Amino acid sequence: MRRMMILVLLAALLCGCSAVDNSDAVADVPAQNQRLTVFTCLEAQVYTPLVREFQERTGIYVEVRSGSAGELMENLEGCDVLLGWEADQLEADAEKLRTLDRELSGNVSSLCPQGEVWVPVSIRAMVIVYNPKLVRQNPPADLESLLQSPWAGKIAFADPGKNAFSRSVLQVLSRGENGPERLRRFAGNLNALLADTEEVIRSVADGSCCLGVVPEDAARLWVDSGLDLTVVYPQSGVWMLTEGAAIPKNAPHPENARAFLTFLLGENAQSYGKTNLFRDSVLKKSVEFPEKALIYDPVSAASDRDALMEQWQQIWEEEP
Amino acid sequence: MMRWIRRSFQNRIFASVLLVTLIPLLLCNVLMLQIQVRRSEEAQLADAREQLELFQISLEQLCATADQVTRKLSGSTVVRSTLRGDTEESRILYQVLFRETQDLRQSAQVDIYLKNGVCGYTTAATLPAGQLDPDWGILYAASHAQGLAYRAGLGGDTAFQAARAVRSYDGGILGYLVVTVTQENLDTLFRADYAMSGELLVLDRAWELVYGSRPATAASAARELRGRILDTGDLKGSGDYRYFLLQEPQTGYHLIWKQSPVFGAGVMRTFYSISVFTGVMSVVLCLLYSWWLSSFLSKPVHRMDRAMKRVREGDLSVRVELDREDELGRLAASFNRMTEEYQNNLVRSVQRQKELNDTQIRMMQAQLNPHFLYNTLDSMKWLGVTNHVPQIAELATDLATILRASISEEEFVTLEQELELIDRYLEIQYIRFADRFTCEIDIGEEFQHCLVPKLALEPLVENAIIHGVADQSDGYIKLTAREDTGALVLEVRDNGCGIPPEALEQINDPDKRLPGSHLGLYNVDRIAKLHFGPGYGVHAESVSGVGSCVSLRIPLNRKEETDAEPIDRG
């Protein structure tokens, strides 16, 4: 009897202590097999329409984690797709990535570099942007002109330690004879190392710097949004950089990841990217390169990357 | 714990009072707070649901209107023929457009897109502009939907779009009717429905933001919600806000009402702090009160318990004084009466026993006199008959002395006085037994002042005479005294025939004494034991044909050392 009373009292206390359910349980939570996690170093205005369209068409819920390529690559736990990586970086970290079947990139043009563990999803030109208010005479014509002394301290450049596109720029500049000297001269003309491409464009637009080297799509998007910038396609040759996507080895939803890559390599997505995101298509049917296009080889760039970065680090530390 | 409670009456009262006072207090403390919070939350839930239903109705009406308008327009001959390219007369189309969209234009913008995605006609105040990709976004959705397709905006001013494909009779697409609802449109739509403060979020089927009533925080709130839903499957948050959910069936959009809890985290912390504080105060006060009450109630019980313990230890003088008129007071009074009566009974009992002992002693002493008197008178008689001599006067004198001593009230006399009585006694006995014996008294001076029971030696001497030397012609009796470990031993020896063993046994063990035998020795022994204890009394030794020795052992007390009659129970 005594124990019964104690139990009754305890039950009364517990009932009194339990909180009201303050919200409804969600009925249509996506099942685990209907999810996809994308790691990307693209800007939100670039990946959002792609992700949203994919969600609407397939019903797969996409979580996006954005950040710098280096930070994201350090921990790929939970990642299903790497999107918007420079191809040479994907090539350099190939041991973390899953081998993709050729069928996936069956419609990709042979002009575009491809890898075993990554597929090209867009091609971007390396362009120069400058502030027309600050540069009126002798605007830069190509990458070689960036090594000249009049531009000392006036060039905006994203930190190649964090930005894969900047590494590609250094790769291009260090080609040929006197590569280290060319890098040294380029370093001498830099104003500072900035965080990302957006900051480069903004610093040129607001007059902090006179010019910068950026991907074509970023330059076009910002010009389209109203910034007063001039875009220059290097006369000596326009380097075309491949942007790729890959699936990590431990991707929790590899089928959904494959579906996403298939979507990205579909005509609709490629057409949308070209029209609205200024990213050239990689498909056989629609690939178009500008005149004097130079195809950047990500494979050889990947093998030289570590040495190049070491050299650059040394040069930059010596720079006063 | 139970053992501690059972150990003491005070502990039982303490535990009981503590439980009875503490449990209701704590229960009230906890339950009232929880009930108050629960009721408030339930009321808030009901209000929130009501609010969401208002929003849902407004959104449903908007969508229904959009559906109705686009359906009408897609069936309009003018629209269809214009989209087919049969006519380029936009004036009539615009008339139709504005007429049909009259109910909708306050809440949305309606555009007509050609099949290539170019915007041809609009209800907006500006010229039609822009182009949409037919293979992407809202146009793609419309081309793949049976009726109205919905797509959330990608940021900017557009909240969501609804579109219907205008199809030819063979199923081909002629164009699209696109209804664009902006953030501002939804602000206006929902403004009238606000009944209380809070934030409205509209999320699409993929939990992406469509609309937020507070644009500054809407994006971050939507991101947080989406992440939580995908992780945990519900909207429960960290407690800063409460979320209430309702889904609009037509669009599949989730209407979420975000509101501060009735009692914020700070307020709840205050409630809990107060609750804990009052709980602790209750515990302390209940402990103190229970202890005081239990002490107050059990104090008289403890006093009586201690008193009874002292009674058990033999102290009957203890009394419990309780100045109360209740049951405990009456109990204490009864206890006092009981111990007092018990004490008095004990005293009376002791007194009676003492008187009994005294009476027994006196009776024993008196038994001596009649026996001697009979023998003396007998002796006197024969002497008078035969000799007509004055010894009879001597006999009478001696007898008188002895009689006086026997009836005196003193229970103890000095040995010197006792030996004088022995002398008188012997004089009488000498006459009776015609000098057939001699009696030597060899007692040192140091013993003369020792106290002995009155007439204690006569029976011993008499025994020696009657049972020892009476049948002899040269009987010899000797009285001696010695000290033995603080005791005075008076011995009477004779050279008689000895005491038979059975008689000896009866003398030395009074329990085996047969009635009537050796009464004198028995009485002396009883007197000695009554006065002095079992270690004293009479002891006899005898050798048949040689003689006997009867000794009397008493404590050695000299008259000059004490005035009172010595009683040594040894």
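**Exercise 1. Which residue of chain A forms a salt bridge with B:R151, and how far apart are the closest N and O atoms?**

Solution. Start with the pair. B:R151 forms a salt bridge with A:E53, and their closest N and O atoms are 2.6 Å apart. Now check the cut-off. A salt bridge needs a side-chain nitrogen of Lys or Arg within 4 Å of a carboxyl oxygen of Asp or Glu. Finally, count: four salt bridges link chain A and chain B.

This is a predicted model; local features need pLDDT of at least 70, side-chain atom pairs count only at pLDDT 80 or more, and totals for chains, interfaces and linings use all residues. Residues are numbered from 1 along each chain as its sequence is written, chains are lettered from A in the order in which they are written, and side-chain values use heavy atoms, leaving out hydrogens and water.

**Exercise 2. Describe the contact between chain A and chain B.**

Solution. Step one: the residues. Chain A gives 36 residues and chain B gives 41. Contact means heavy atoms within 4.5 Å.

Step two: the area. About 3,300 Å² is buried between the two chains, 54% of it on carbon and sulfur atoms. Buried area is the accessible area (1.4 Å probe) that two parts lose on being put together, summed over both.

**Exercise 3. How many residues of strand β4 of chain A are buried, and which strands pair with β4(A)?**

Solution. Step one: burial. Twelve of the twelve residues of β4(A), residues 119-130, are buried, so the strand is largely enclosed by the rest of the structure. Buried means under 20% relative accessible area, exposed over 50%, partly exposed in between (1.4 Å probe, protein chains only). Strands (E, at least two residues) and helices (H or I, at least four) are DSSP runs, numbered from the N terminus.

Step two: partners. Two strands pair if DSSP finds at least two bridges between them.

- β9(A), residues 238-246, runs antiparallel to β4(A) over six bridges; A:A125 has A:M240 as its bridge partner.
- β7(A), residues 211-215, is antiparallel too, with five bridges; A:I128 stands opposite A:V213.
- β8(A), residues 230-232, pairs in the antiparallel sense over three bridges; A:Y130 has A:T230 as its bridge partner.

**Exercise 4. Is B:S107 buried or exposed?**

Solution. First, locate B:S107: the loop between α4 (90-100) and β1 (109-114) of chain B. Next, read its relative accessibility. The value is 17%, so B:S107 counts as buried. Last, list its neighbours. B:S107 touches B:L62, B:V181 and B:N185, not counting residues up to four places away in sequence.
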